[in-house]
Every structure is written in C-alpha cells, then in structure tokens.
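Dear colleague,

Please find the sequence and structure below, followed by a summary of what was found. I would be grateful if you could read the two side by side.

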Amino acid sequence: YFALCVTLLSVLSGIACLIHRDEDPQPTRAEQWEKVREAEVRGLPRTAIELLDPIIAAAIKEKAYPEATKAIAKKILHESSVEDEADKIIRMQAAIASAPAEMQPVMNVILAHWWQSYLETSAWRIQDRTKTSELPDSDIRTWDLDRIQTEAEKTFAKALVNEKELKATPVGTYSFLLDEGSIPDKYRPTLYDILAFDAVNFYASNNQIGARPEDAFDLPEDSPIFGTTAEFLKWEPKTTDASNRTVKAIKLYQKLLAFHKDDKDQSAFLDVDLHRLRFGWNKAVGTQTSAKYIAALEAFIKANARHELSAMARYIQANATHAEGDYVKAHALATLGSKAFPDSDGGKLCHNFIHAIEEKSAATTTERVWGDPLPEIKVTYKNITKAYFRVVSVDYAQRMKGNDHPEQLSKEEGKALLSEKPVLEFSRDLPATADYKERTEAIPAPAGLKSGFYYLVVSHAKDFGEKDNTVRYTSFWVSNLALITRHFNGDAAGLVTDSRTGEPIEGASVKLWLFNKLGWQPEKTVTTDKNGLYQIK
C-alpha cells in the first residue's frame, strides 16, 4: 500500500511538473496594459477594472509608482463612470489614504484636478448654497462652493508639501503617467515644475469664483508683475487678503524662478518668467495694462534674443498687438519671430499667425429680393484686390421638396452648384487692404435678370477652385412683386402688390406649401382678386 502510494505520488508529481512546464508564461505588464486598452475600446469598464488590479499590485510591489498611480486613477475613473464627479473624488481620497507615501503627491494633484473639474461642472448647482459656520458632513455633494474651492486648494498644497523631493525627481520618472505634450522636458525638468504649474493654473482660473472679500487683492498694472525678473523676485505683495489666489500664484512663480535662477540651461527659468508676464496680462488691473505687457515682452525679447523662447514672446507680443488693432505691426512682429527660430514652437506659431493675418477672404450680403430700383451687393473682404461673381438660376420649388431649409446649401450642394452654367458672370476690382483688416465695398447689383430664384456666388480666385480660395453663396429673388401674409380665421390669407407702386395685383398665382415629416409639400393654388387679396382654407 505504501509503495503504491509512493508510486502514485511520483506519477502525480510528474504530471504536475509537465502541467507546470506546459503552462503559458505570465503576461508582462505591457501586455496587461494592452488588454486594458482593448477593454476600454470595446466599452467594457468592468473588464478593465479586473485587468488593472494585478497591474496595481505588481507595480506597487516593484515600486513602479508612476505606473501604479496611473493604474489607480484609471480604475477609479472606470468605477465612477456611471456615478457623478463626486464619486471619483471619494474613491481617490480612500486610495491616497492607503497608498505608499511616494505616490501621494502625484495622486493628490490628480485629486486636485478632479476637485477643479467637480467645481466647474457643478458650480451652477451649488453656487447658491448657504455657507455653513461648521465643517459640513462627509458627503461632499452637500458642500457649498467655498468649501469645495478650499478643499481643492488644500489638495494642491498637499501635493507640493514635499518640495525638496519633488525638485529632485526628474520629470522623466513620471513619463509613464503624463500624457506626452509638445513642451520639451527642459522647460519642465522636475516633478515640482509640473505640479507647481498645475497649481498656478488652478489659482489663475478659480480666483474669481465665489464671494469676493472686502479686502480682496487686485493686481496693480504698475506693480513688479511687468517689471524685471529681479524686481519681481524681490516683490512682496501687500495685502490683508491672506487667502487670495492671485497672491499665491505670484509666490509660486517666485519660487519657480528662484529654483531655476542658477540653472546652466536657462530654458526652465525663462519659460517661468514668460508665463509670469502672461499671468500679469490676464490678472492686472488698470488702463495701461496692454501697453505695459507689450513693453515687458519687448524687454524679455531683447534680453533673451539668442534663446528660442524669444520667438514665443514675439508670438505673444504679436497677439497682444493684434488685439490692440494694429495688424500691420503684429504681422511685422510675428515675421521677426518666425525668421529668428523657425523650427521652435514659437517660430511655428508665428508662421501660422502670419498665415492667418494674410488669409484671403470674400463674402457678400444683399437684399433678399432684387426689384426696381436694384439694390447694392456688399462685399466684405481682405487681402484681395478683385472678386469674381457668378449668378446661377435654381428651381426653388424643386429645392423645397424634402428640404427643411431650401435656401441653405450643404458643402456637396455648393460644389454641385459650381458645375451649373451661370446665367451671368462678372468681376469687380476692390481697393487693397494694406492694413490686413476686413473692409466692405458696395457695388451695384447687375440688371437684366429675369424673375426667379438665384444664388450669387463669390470667389477671390477666377476659376472658383478650392486651392487657396474660399467660395461663398448668397441666395436672392428677382421680382417686382411684394407679398404681405396674415392668418385670417385659421386660413392663410394675404395681399400681393407691385413693390414699386404699392398697387394691388389681380390674377397673381399664390401656392400654399405645408411642412410635415416629409418636408415641404405643395398644397392648393389660388389667384388674387381685383384687390390683390387671396385666402386659402
């Protein structure tokens, strides 16, 4: 019996070894992530959650904290997909409480963003809630606006509390968590830079939400916000409004500048300084804010002409100048930025800005009915000196059938109209727009068109083609008839007159169209009496 058991155990052990050797190897986390992505694409959140659990456990065990943080955030988003914004906040708070300390700063910044999102999506619902004198209960769905703002701010503060460690953590460490953007790592070299900029953005966007305190701090335009970097770093804003978010943003900018002041590569330092000026443009109060901002940008450009960020400053300066109405100078500034560093982000933005300023356009408006005397055609245009016109006759009754808005053309219908033979073609020379601004020129409508429905087509290219061209359509009628309609005892009634004299027209044909689920449908046709009147049951 003993020998038989030993033999059986040996056989079973051999089978177990064979089974173990034949098992598929455990999937890598990269393969697990791919399965998560597939579940997300297929709309299977529960499957994604199940697949994320082993990723979280393994990543935490291996101290792959960025990966673990991303997996936890994804899991919470899937768990909360059928809930409201508050649900994912509650889940993230619980996850942070049990997460390793190394993960908590980034988890807190994610939580802060979720607070901000909740604030933005729910403000309309909670803005009128009465502020309580005591801390509200744990259900954040009952909290007032100020409490939610405060909690979001506290969460950003928690994320930045380990400043020393964050400054020592290269941003590449968290590349797995962060979505790839167009900003090079040299502008945001550490995790501290990422989190600090997120916090600044929060302060900038939420400062005006909620009740305004009596001692609220307003950023003066003549303050060091537009001064030199040295002046800005020495600045201590004077205010009794300790909770003011503009002041907190200023102090964060000062911390970032001090952090990067002695960097060998000045990219991060200059990027912060440029953002500081943009923040001032958005927040400063005064009548000369724009002029001071543009002057500060010019000083930045002169001081850093050899750095590619000078091209970004040129782009920003060009936009501010354009907003002031000087399109010619804005064009010149953008040209300087584009030529200085054509391959930089700022240089590319300058190039696109120049293209937008130089873009050609032409559009027309005219009276809906052309009669005697003929109306004008108003051409609104820029960057062209000649406009080309076509007049195309169209069967209006045919367009009404099955069409909700018979005078409107789809893109395909517009192209088809260009293949129709026009009843009239003409062109007009236009005064040049040397200032790059739109202007409107009035030209007389052409005579000789028969009564009917038409489209007036305008183009700034002679061939009416699509390349470097825009084609616009305007519908109009040619008629000397005027129609006055009214409802009379539930009937369709009205009067037809000569639009030139006001005299009633006898024997005019009037057709009634009714709109239903099939579109416009023709109904009865009647003629007017000797007084120009008609009435249709």
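An open sheet is built from three strands in the order β1-β3-β6, with antiparallel pairing. Strands here are DSSP runs of E with at least two residues, helices are runs of H or I with at least four residues, and both are numbered from the N terminus. Two strands are taken to pair if DSSP finds at least two bridges between them. The edges are held by β1 (361-366) and β6 (439-444); each has a single partner strand, so one side of each is left without a neighbour in the sheet. On average, neighbouring strands of this sheet are turned by 25 degrees against each other, direction ignored. Axes are lines fitted to C-alpha atoms, for helices over the stretch in contact, and angles between N-to-C directions run from 0 to 180 degrees.

The model is predicted: local features need pLDDT of at least 70 and side-chain atom pairs count only at pLDDT 80 or more, whereas totals for chains, interfaces and linings use all residues. Residues are numbered from 1 along each chain as its sequence is written, and side-chain values use heavy atoms, with hydrogens and water left out.

Within the sheet, β1 and β3 (residues 376-382) run antiparallel and are joined by six bridges. Across this pairing, A362 stands opposite Y381, and T364 stands opposite V379. β3 also pairs with β6, again in the antiparallel sense and over six bridges.

Helix α7 (residues 145-160) packs against helix α11 (residues 245-260) at an angle of about 15 degrees, and their axes are 13 Å apart. In the contact (heavy atoms within 4.5 Å), Q149, T150, E153 and L160 of α7 meet R245, K248 and L252 of α11. The residues of this contact comprise two nonpolar, two polar and three charged.

For the protein as a whole, there are 18 helices and 13 strands. Of its 537 residues, 42% are buried, that is, under 20% relative accessible area with a 1.4 Å probe and protein chains only. Among contacts with a separation of 6 or more, 62% are between residues 24 or more positions apart.

With kind regards

Key. Ala, Val, Leu, Ile, Met, Phe, Trp, Tyr, Cys and Pro count as nonpolar, Asp, Glu, Lys and Arg as charged, and the others, Gly among them, as polar. Buried means under 20% relative accessible area, exposed over 50%, partly exposed in between (1.4 Å probe, protein chains only).
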